[in-house]
There are 2 protein chains.
Amino acid sequence: MTLTDDLLAGNRRALARTITLVENDGPDAHAALAALYPRTGQAHILGVTGAPGTGKSTLVNALAKAYRRRGFTVGIVAVDPTSPFTGGALLGDRVRMRDLSGDPGIFIRSMATRGSLGGLAQATADVILALDAAGFQRVIVETVGVGQAEVDIASTTHTTVVVEAPGLGDEVQAIKAGVLEIADILVVNKADREGADKTMTALHMMLGMGMRYANHHGRTMAVDGVAAVEPAGWTTPIIKTVALRDTGVDELLEAVEAHRTYLLESGEMQQREEDRAHTSLIHILQASVLRRLNSRVSGDHLHQLVAEVANRELDPYSAADQLLPAVLSAQ
Amino acid sequence: MTLTDDLLAGNRRALARTITLVENDGPDAHAALAALYPRTGQAHILGVTGAPGTGKSTLVNALAKAYRRRGFTVGIVAVDPTSPFTGGALLGDRVRMRDLSGDPGIFIRSMATRGSLGGLAQATADVILALDAAGFQRVIVETVGVGQAEVDIASTTHTTVVVEAPGLGDEVQAIKAGVLEIADILVVNKADREGADKTMTALHMMLGMGMRYANHHGRTMAVDGVAAVEPAGWTTPIIKTVALRDTGVDELLEAVEAHRTYLLESGEMQQREEDRAHTSLIHILQASVLRRLNSRVSGDHLHQLVAEVANRELDPYSAADQLLPAVLSAQ
């Protein structure tokens, strides 16, 4: 049996080894992913994102347990782009392991950045692929922070949950239009804290300002004061939770499942799958260009050009033009 | 006189038009940037980053005014990767304009995302280049959020200031190791608020845990309980500010200038310039590959491959292999 056969047969160690292979981005990784790919497409991929301090990890744990109670298997991918050395990711992992360990229906993987050049989104997509092929029915991708990485990773998921919390500073700053644009579901976590109503009001106001947002899938959301109604029929709900006390978590699960049903029945799931495929293609092509640069241009030559640019003897666009033939050549 | 001549002569409208050209990434943009490039290298580039709610914008405004009092000209680039439709950026701009407008020694530009494929960091680098060539002596790049974009943008600056504030939730979450790794200077803003001492303590503890971080320039910072001491001689200071009341802002300015002096005297400035040049080269090459994909592969062909991947008839790695010859071909 090959590694991929073992993975498809449900062997957890084969899954872990495959993910390690994928993270290291070795030459065998592509073959393994290609072999697994036809067995994917069953899992529902859920992104959970929000600013630091919103209690995302606790909410993801509570949601995973709620899914387990209903018999679903759950994969969790915790992405921490701010921690190249996995310090943060490991800390989160330890808390998680204590909470969820010992359940064979849950698989948890933390990921730190793979270079600063867009590699993380593709690595995340690859790990999702492995979990999907291994038969996990729901895959939750948790991202820390509010920034480009979240928007990138939203393009690898089916349903994006944006988590807010009271008391994170000026509401206008904490609740960014750009993050609302990627939200299929909004959550106000820590809703028992002072200021929860203020946060709800701020969200309602943002949605009620009469602005029309185009979200990352290019759809336009109209606004009716409380929730954004997309013309095609999805109403972005705002859900209050207290993840630590398991309050509102079942409502969140129901909202995710309702969104999945909506995607499938409206035919929009096909569009999201094509968006995911398109993003993957671009990322894979860009990575292969970097690989060609590293294998075909000597370190000395590259460093010489870099030094000339740093010393203003050459501009970076002309330097790139000098490198392009080597990167593009067939040999 | 050409547009670049006008810019170099100090014409603000020429600068604004050049930046618009650069943001639209037209074919003339590369020629303009190449023409300006030899005139760059004089500005000190300062990155200011931190989580939402830390009061970064207010701090950047106060710092800009402090620089003006000392006779420096200041360019401000406000980068908001979460707002593809500039809603957030425009809001910040309006507050700014009221505060800083009418001073010809200040130039402010807001930038939203340019696609989700790493274009923002390069666009930011290009705008910095234009401001540098136009003679602005200090360029402050403000980034919203804590994520990959900040780490990318840190690679385009000389001095990175990371802003924290009290009351942003669990300290362990709010103060991420990955963000500390890119910090040359740490600021606790809103230091008159409850919890400021707790935030200071948390920062000291993070730095004092005895962990050795390698920052994004590959240096290792040792730790002495209060500040991280890099072997080469830079001690990362922690500065308390209340930007709204202008408290601590002069100390921050002094710290930035001390860091600049350190970079120049230690020879590390050359290393940072080479890092910036290297990152630019990679980004320009990746962008040119995307441009070739768009010009050489028909939309129909690309969509057909994307649909096959979405339907699991083809895996994304094989699809990328099919596209590569067209992207790489000389014609």
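What share of the contacts in chain A with a separation of 6 or more comes from residues 24 or more positions apart? The share is 71%, where two residues are in contact if their C-beta atoms, placed from the backbone, lie within 7 Å. The views below show a predicted model, in which local features need pLDDT of at least 70 and side-chain atom pairs count only at pLDDT 80 or more, whereas totals for chains, interfaces and linings use all residues. Residues are numbered from 1 along each chain as its sequence is written, and chains are lettered from A and ligands numbered from 1 in the order in which they are written.

View 1. Chain A holds 14 helices and eleven strands; helices (H or I, at least four residues) and strands (E, at least two) are DSSP runs, numbered from the N terminus. Of its 331 residues, 53% count as buried, a residue being buried if 20 or more other C-beta atoms lie within 10 Å of its own, exposed if 12 or fewer, and partly exposed in between, with C-beta atoms placed from the backbone. The average pLDDT of chain A, the predictor's confidence in each residue from 0 to 100, is 79, and 76% of the residues score at least 70. Confidence in chain A is lowest in strand β8 (residues 220-223), with a mean of 35, and highest in helix α11 (residues 249-266), at 96. The pLDDT is below 50 over residues 83-91 of chain A, a stretch that has 28 contacts in the model beyond near neighbours in sequence. It is also below 50 over residues 170-175 of chain A, where the corresponding number of contacts is 17. For the model, the scores are ipTM 0.78 and pTM 0.72.

**View 2. Helices α2 and α3 of chain A.** Helix α2 (residues 12-24) and helix α3 (residues 27-36) of chain A pack at an angle of about 125°, with their axes 8 Å apart; axes are lines fitted to C-alpha atoms, for helices over the stretch in contact, and angles run from 0 to 180 degrees between N-to-C directions. The angle makes α2(A) oblique to α3(A), since angles under 35 degrees count as roughly parallel, over 145 as roughly antiparallel, 65 to 115 as roughly perpendicular and the rest as oblique. The crossing of α2(A) and α3(A) is left-handed, a crossing being left-handed if the near helix is turned anticlockwise from the far one by less than a right angle, and right-handed if clockwise. On the side of α2(A), the contact is made by T18(A), L21(A) and V22(A), and on the side of α3(A) by D28(A), A29(A), A32(A) and L33(A). These residues divide into five nonpolar, one polar and one charged, where Ala, Val, Leu, Ile, Met, Phe, Trp, Tyr, Cys and Pro count as nonpolar, Asp, Glu, Lys and Arg as charged, and the others, Gly among them, as polar.

**View 3. Helices α13 and α14 of chain A.** Helix α13 (residues 299-310) and helix α14 (residues 316-328) of chain A pack at an angle of about 165°, with their axes 10 Å apart, and that makes α13(A) roughly antiparallel to α14(A). The crossing in which α13(A) passes α14(A) is right-handed. L305(A), E308(A) and V309(A) of α13(A) make the contact with P316(A), A319(A), Q322(A) and L323(A) of α14(A), and the residues of this contact divide into five nonpolar, one polar and one charged.

**View 4. I239(A) in strand β11.** I239(A), which lies in strand β11 of chain A, counts as partly exposed, with 18 C-beta neighbours inside 10 Å. I239(A) and L186(A) are 53 residues apart in sequence, yet their C-alpha atoms are 6.2 Å apart in space. Not counting residues up to four places away in sequence, I239(A) touches I185(A), V187(A), G248(A), E251(A), L252(A) and A255(A).

**View 5. Two loop residues with positive phi.** D246(A), in the loop between β11 (238-240) and α11 of chain A, has a phi near 65°, a positive value in a residue other than glycine. D246(A) is partly exposed, with 13 other C-beta atoms within 10 Å. R312(B), in the loop between α13 (299-310) and α14 (316-328) of chain B, has a positive phi of about 65° although it is not a glycine.
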